[in-house]
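Thanks for coming. I have one structure to go through this morning, so please take a look at it before I start.

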Amino acid sequence: MRRTLARCVLDRFALHGYAVVTPPVFEFAEVLERGLGTLDPTDVLRFIEPESGEVAALRPDMTPQIARMIATRLRGRPPPFRLGYEGTVLRRRTGRARKHRQIPQAGVELAGVAGPEGDLELIALLVDTLHATGLERFAIDLGDAGVVRALLADLPTARHALLSEAISRKDDAEIAQACEAAGASQAEALQALPWLHGGREALVEGVGRLAKTPASAAARRLLALFDAASARGFGDHLTADLGEVRGFAYYTGTVLHAYAPGTGDAVVSGGRYDELLARFGWDMPAAGFAIDLDRAAEALAAAGVASTALARAVVVGPADDRRLGELRARGVVAVAQAEAPAAHAWARAWGFTHVLDASGWVDAASGASIASPLSREERGDK
């Protein structure tokens, strides 16, 4: 089921011109540290690379790897770069809500298209891709990393993490205490952030409340993006949060998360990281997003969207039954079982959808006789 979902997502990326790249499963720690910034070191699984003796790590995120690819191996190609990927990232995550270390993802990176033009391309791609999977109910929550970054700019870097953590929990008392401890000059604006989320009206209120603060430009930028995305027909899927602080250190502007009923975590995460490629020697605007395939599968199951997997058939007959070759030639997974009772039991146990016996097609789950699940083209009808 996951492979079917991944193929659907990658096919949609390809239709929008995104070419697939395959980053290595492990990477030198220096590359990841240069790109990830504030990622907790305890979240990264490190080891010593035997041949060089250098510290390497199992990748916790693919974006720094792709940034390195663009700035080095793909340097001779003209921007923009539209790159897609699919693979697993590994993070040492703690707590009941985050017990999976291995996270299957499919995502895209768009480098060389700045500002709202690039952000809108990614929003359009995300909406189209989620619809292609069969998911209709989802919300894309837009934020801008520049809001909190501007409000914390005059504070020592050591204070940023404490305040960001308090803001992420939207805890008024904790934010007030953190502001007082840090001596934050923008305490009033920081304490207002937990309330500035929702629809367009929340953004308009936020633009007004932040008008005389260093975050004014970022707030207005987010409202303009929200309006532009709404004008393109995506308004039904949009929410906004001026207090969004989640994400790696490379986010510089738009931050997005997509949520859907049936799963507690974000189905999609991403944003704009205009400063990242410069760390690898090529200053270029960039943005991207990653779909968590397990969370997407949970949302699809909750929505009652059936798997789009092709028919998988158990043929009752010998191993050289000619029907096996005919089905495989049409792209249908097919195996043989000599006896009908064993064929039905095996099909149910291994997730095969159909049994093909002497009487015709049988639904493996119900045991009922059915018409051929193949289309006329698949059957070879004229």
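Where is Pro80 found? Pro80 sits in the loop between H3 and strand E5, which covers 81-90. Keep in mind that this is a predicted model.

Lys170 is not a glycine, yet its phi is positive, at about 55°. The loop that holds Lys170 runs between helix H6 (157-169) and helix H7 (172-182).

Next, the inside. The structure has one cavity of 30 Å³ or more, and the volume of the largest cavity is about 30 Å³. Its lining includes Thr63, Ile66, Glu109, Tyr273 and Ala286. Helix H3 (63-71) and strand E6 (102-111) each supply at least two lining residues. Which element gives the most to that lining? H3 does, with four residues. Sorted by class, the lining has eight nonpolar residues, one polar and one charged.

Last, the surface. Val25, Phe26 and Phe47 form a nonpolar patch there, and together they have about 260 Å² of accessible area. Of these, Phe47 lies in strand E3, residues 46-48. Is Phe47 buried or partly exposed? Phe47 counts as partly exposed, because its relative accessibility is 30%, and buried would mean under 20%.

That is what I have.

Definitions and conventions
Residues are numbered from 1 along each chain as its sequence is written. This is a predicted model: local features need pLDDT of at least 70, side-chain atom pairs count only at pLDDT 80 or more; totals for chains, interfaces and linings use all residues. Side-chain values use heavy atoms; hydrogens and water are left out. Patches are made of residues with over 30% relative accessible area and no salt bridge: like charges are joined within 9 Å, nonpolar side chains (Val, Leu, Ile, Met, Phe, Trp, Tyr) within 5 Å. Accessible areas come from the Shrake-Rupley method with a 1.4 Å probe; for residues, only the protein chains shown count as cover. A salt bridge is a side-chain nitrogen of Lys or Arg within 4 Å of a carboxyl oxygen of Asp or Glu. Buried means under 20% relative accessible area, exposed over 50%, partly exposed in between (1.4 Å probe, protein chains only). On a 1 Å grid over the protein atoms alone, a cavity is a set of points where a 1.4 Å probe fits but cannot get out, and a pocket is an open set with protein on both sides within 12 Å along at least five of seven lines; lining residues have an atom within 4 Å of a point. Grid points are joined across faces, edges and corners, and a volume is the space filled by probe spheres set on the points. Ala, Val, Leu, Ile, Met, Phe, Trp, Tyr, Cys and Pro count as nonpolar, Asp, Glu, Lys and Arg as charged, and the others, Gly among them, as polar.
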